[in-house]
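Here is a short briefing on aromatic contacts and the residues around them. Keep the sequence and the 3D view open as you read.

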Amino acid sequence: MEWKLYEVFIRSKKGLHHKHAGSLHAPDEQLALKNARDVYTRRNEGVSIWVVPSDQIIASDPGEKEENFEPAKNKIYRHPTFYDIPDEVGHM
Amino acid sequence: MKDHSRHITLLILADSPLINAQRLSEWTGHAPQLEIDIALTNMALDKLGHARLLLQYAATDEEGDTDEDKLAFFRDVREFRNWNLTELPDGDFGVTIVRQYFFDIYQEMLWKQIKENSNDTHLQGIAARVLPEIKYHLNFSDMWLERLALGTEESRERVLNAINELWFFVPAVFLNTPEEVNMIKDGFLPDMKTFQKEYTNTVRQRFNDLNLPLPSHPVHDKSGKEGYHTEHLGFILAEMQSLQREMPGLEW
């Protein structure tokens with residue numbers, strides 16, 4: 001049986017975002033949703049489930065972490081912090 | 001005699017999910033896919049939960065020393081009141097799905113009626129708890145019934161064989177036992193005989209969608225609710241009750 005791989009995202013009752021819960025196999029969309037509920041909400045009920053075929057997710061390459069994710073905090077030349085604000089302007 | 005009728009009626013309500021849970025649990029580790037394994041075992045646990053609520057209620061009827069465990073583990077075959085459909089072997093996945101489908105269409109109807117029309121508030125409370133789970137189970141069986149019926153030639157053939165074997169046990173469940181007749185008069189239990197047509201039409205319509213026939217061969221006139229069972233129940237109880245009977249009172 002060729003069952004497709006799906007990624008599962010669940011938003012809990014108290015949450016605002018869907019969190020990645022894991023993956024599972026299913027033969028079609030409806031069963032993917034059903035299986036997600038059975039496999040990933042056993043103990044705590046979520047309120048919303050998203051399933052996405054894994055091959056539909058375009059993800060960043062973990063090998064390129066360094067280039068992509070150097071935090072902007074280290075790039076002081078990007079921050080406008082070198083101005084003296086005249087007193088008359090007040091707080092900005 | 002009223003209390004005795006209520007006790008038996010509660011056993012009738014409890015024993016089907018109990019035996020069905022026992023059968024479903026046999027799939028543990030053997031289902032065709034991991035996700036199905038988890039779904040079936042979750043279903044088994046849900047069904048066991050339903051049985052427990054009802055056995056706890058039944059235990060309050062009898063004077064003397066009984067509880068849900070004694071009722072589950074120390075009754076013999078003739079004292080069990082489950083629908084014979086639930087004691088049939090799991091067979092292949094198709095058989096299990098058809099069995100669950102027949103069972104849960106009935107369960108949904110039954111518990112919806114209890115929730116809306118029973119004059120017993122405790123039983124209505126139980127109905128409110130079990131109905132969402134039964135609906136979920138029915139959705140699962142229905143989804144799989146569709147996929148198996150319209151899937152491959154092999155899956156369709158297995159579903160056809162399953163229907164042929166299992167339908168034999170279905171219509172008898174609508175016959176009321178004497179205890180149920182009393183509880184219907186009391187307003188405790190709905191008269192499921194009046195829902196048999198709706199049940200058959202619901203199944204027939206769904207089967208039409210899936211190009212499945214409803215058999216027209218003769219059917220059994222014993223449901224199991226009166227205590228007459230197939231050869232399978234003895235084996236199920238032997239396994240289910242063996243530990244408690246060997247070491248009564250044993251606890252985790």
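B:Tyr106 and B:Phe174 are both buried. The model is predicted. Their rings pair edge-to-face, with 5.5 Å between centres and 80° between planes.

**The B:Tyr106–B:Phe174 pair**
- B:Tyr106 sits in helix H4 (residues 93-117) of chain B, while B:Phe174 sits in the loop between helix H6 (153-166) and helix H7 (178-185), so the pair ties together parts that are 68 residues apart in sequence.
- Both residues belong to a cluster linked by ring pairs, which also takes in B:Trp83, B:Phe103 and B:Tyr199.

**The nonpolar core**
- The largest nonpolar core holds 88 residues, and B:Phe102, B:Trp111 and B:Tyr199 touch the most other members.
- Leaving aside residues up to four places away in sequence, B:Tyr199 touches B:Tyr106 and B:Phe174, among others including B:Trp83, B:Phe102 and B:Trp167.

**A stacked pair between chains**
- Over all chains, the structure has 12 aromatic pairs.
- A:Trp3 and B:Trp144 have ring centres 6.1 Å apart and planes at 25°, so this pair is stacked.
- The pair crosses between chains: A:Trp3 is in the segment before strand E1 (4-12) of chain A, and B:Trp144 is in helix H5 (residues 121-149) of chain B.
- A:Trp3 is buried at 10% relative accessible area, and B:Trp144 is buried at 6%.

**Lysines over rings**
- A:Lys34 lies over the face of B:Tyr136, 3.2 Å from the ring centre.
- B:Lys222 lies over the face of B:Tyr228, at 5.6 Å from the ring centre.

Key:
Residues numbered from 1 in each chain as written. Chains lettered and ligands numbered in written order. Predicted model: local features only at pLDDT ≥ 70, side-chain atom pairs only at ≥ 80, totals over all residues. Heavy atoms only, no water. Core = buried A, V, L, I, M, F, W, Y, C linked by side-chain atoms within 4.5 Å. Buried < 20%, exposed > 50% of the residue type's maximum accessible area, 1.4 Å probe, protein only. Contact = heavy atoms within 4.5 Å. Phe/Tyr/Trp six-rings, centres within 6.5 Å; stacked < 30°, edge-to-face > 60°. Helix = DSSP H or I, 4+ residues; strand = E, 2+ residues; numbered from the N terminus. Lys NZ or Arg CZ within 6 Å of the ring centre and 35° of its normal.
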